[in-house]
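Please consult the sequence and structure as you read.

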Amino acid sequence: MPAPGAAPTDFAPPISFDPAPPGGGPSCLLPPRPSPCALVIFGASGDLAARMILPAVHALHRHGALPQGLAVLGAARTPWGDEDFRAHMRRALEAAGGMDGPAWEALAPRVFYQPLDYADPAGFAALAARLDALDAGAGTEGNRLFYLATPPTVYAETARGLGAAGLAREARGFSRLVVEKPFGRDLDSARALDVALHEHFAEHQVFRIDHYLAKETVQNILLLRFANAIFEPLWNRRYVASVTCAAMETLGVGHRAGYYERSGVLRDMFQNHMMQLLALVAMEPPPAFDAEAVRDEKAKVYRALRPFDPARLADDLVLGQYGPGTPGGAPVPGYRREPGVAPDSATPTFAAMRLWVDNWRWQGVPFHLLSGKRLREKLTRIVVRFREVPHSLFRHILGEDIGANRLILDIHPGNAVSLTMQAKLPGARLCLQPATMRFDFDAARAPARALDAYEKVLLDCMLGDQTLFWRQDAVEQCWGFLTPVLERCEACGAQGSPAELHGYAAGSWGPAAGLEMVQELF
């Protein structure tokens with residue numbers, strides 16, 4: 001096995017990439033232009049808006065993907081006017097490194113701001129009046145997209161305020177509510193949030209974002225599986241030995257200590273991102289590529305998850321918390337010394353989980369999910385390891401151990417699909433070496449850049465395409481699966497706790513107890 005981070009042996013001829021579909025249809029790199037609309041960003045003065053949403057709006061504008069009739073209306077408690085918000089957005093674009101002067105000058109007149117107290121009904125009435133004025137002035141035709149880039153604690157309050165002001169009604173155009181994760185913190189709170197959202201908004205109006213699903217390689221999982229005849233016959237318990245999905249981070253908790261102390265890695269990463277990756281790998285072929293059909297098959301995967309056995313919890317779940325270390329040669333503090341973290345915190349920052357999908361296709365195949373902070377490398381990867389050959393006719397020369405074939409889907413920092421197999425080294429003797437056929441999306445000869453994750457989800461929200469978004473039944477199924485574990489782990493590290501909290505050095509691959517699962521990645 002190569003050392004973690006070692007480059008595979010490349011064994012790939014040039015791959016042609018034709019962005020135009022057969023028959024001379026439109027290029028797949030040119031997104032459809034949405035209908036006119038007003039994009040309302042709640043929490044517009046906050047960090048999420050500055051780092052992700054505002055740069056995504058600007059990038060879509062630069063590439064001609066935004067509607068002709070558009071208004072971007074920021075809303076927050078900060079007492080700004082239109083020019084203040086435009087200056088804030090410009091600073092955010094410059095900080096993100098994507099500032100295009102001429103494009104910004106064209107977009108800026110479409111950017112506005114409305115001060116708003118989320119608890120004040122009069123503020124939502126003023127927001128409704130402002131949107132009516134923008135319909136007339138900016139040609140947004142009564143279509144509204146409400147993006148909740150706020151703390152989760154005000155999701156329900158904001159949805160109720162919109163409904164009370166009549167802004168959830170779709171009398172003249174669409175009204176859509178975009179909700180960032182977390183969708184609650186356990187099963188009961190997820191259900192309570194759903195009730196609050198549906199007081200005024202119907203399910204088709206609610207878009208629950210998981211930006212992981214908008215990454216190019218993640219989207220390509222379905223096409224890789226269902227548009228190629230060579231994979232699906234092998235995609236089952238007979239040929240697959242294990243599946244590993246990992247999202248490893250080098251950064252610590254940073255400025256998110258207040259949120260992370262209440263969440264930990266299981267709520268922050270597993271209930272959403274990791275479960276979505278699992279579903280894309282394990283789901284059955286949908287009858288059609290549309291939102292409901294795809295989400296139906298994902299829900300079936302969650303229903304088939306085997307509940308954790310309390311007697312085997314230590315075998316199937318490893319939790320850890322990073323201590324001090326020197327990643328990259330620079331000393332960093334442990335989690336308990338981060339600003340805003342309790343000195344005796346038992347919040348896990350690493351988890352390695354072994355799951356079982358109890359259905360006909362996957363019975364007996366372990367699925368490993370891993371995620372953590374302050375690890376050695378930033379890496380998001382899915383590895384499908386196939387079973388070894390049942391009989392080695394080369395055993396008298398090569399021995400019994402011949403490396404298994406592996407399909408590797410690199411999501412970050414790479415953006416590639418690799419298939420590793422065994423090949424003969426040139427020479428007189430019979431010697432094997434791993435060879436890798438690799439398709440790199442970033443190196444493909446495409447005439448235009450792909451949309452990044454937030455650009456893609458924003459565009460899908462405007463187009464009304466919910467394929468890459470959570471549905472409430474799947475949210476509840478995932479919380480139902482994880483909540484018993486979360487309840488057992490609330491007292492991690494305490495005497496008699498059902499789940500032990502393992503320490504690991506910042507810059508390592510995580511606690512020693514989880515290294516067996518980590519090795520599956522390399």
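Q: Which residues of H2 are met by Ala50, Leu54, Pro55, Val57 and His58 in H1?
A: This is a predicted model, in which local features need pLDDT of at least 70 and side-chain atom pairs count only at pLDDT 80 or more, while totals for chains, interfaces and linings use all residues. Residues are numbered from 1 along each chain as its sequence is written, and side-chain values use heavy atoms, with hydrogens and water left out. Helices (H or I, at least four residues) and strands (E, at least two) are DSSP runs numbered from the N terminus, and contact means heavy atoms within 4.5 Å. On that basis, the five named residues of H1 meet Phe85, His88, Met89, Ala92, Leu93 and Ala96 in H2.

Q: How many residues of the contact of H1 with H2 are nonpolar?
A: Ala, Val, Leu, Ile, Met, Phe, Trp, Tyr, Cys and Pro count as nonpolar, Asp, Glu, Lys and Arg as charged, and the others, Gly among them, as polar. By this division the contact has no charged residues, two polar ones and, as the count asked for, nine nonpolar.

Q: How are H1 and H2 oriented to each other, roughly parallel or roughly perpendicular?
A: Axes are lines fitted to C-alpha atoms, for helices over the stretch in contact, with angles from 0 to 180 degrees between N-to-C directions. The axes of H1 (residues 47-62) and H2 (residues 82-96) come within 9 Å and cross at roughly 95°. Angles of 65 to 115 degrees count as roughly perpendicular, under 35 as roughly parallel, over 145 as roughly antiparallel and the rest as oblique. H1 and H2 are therefore roughly perpendicular.

Q: With which side chain does the side chain of Arg130 make a polar contact?
A: Arg130 lies in helix H4 (residues 121-138). A polar contact is a pair of N or O atoms within 3.5 Å; within protein, one must be able to donate a hydrogen and the other to accept it, and residues adjacent in sequence count only if both atoms are side-chain atoms. At 3.0 Å, the partner of the Arg130 side chain is that of Asp82.

Q: In S13, which residue is the bridge partner of Arg406?
A: Two strands pair if DSSP finds at least two bridges between them. S12 and strand S13 (residues 416-424) run antiparallel, joined by five bridges. In S13, the partner of Arg406 is Thr420.
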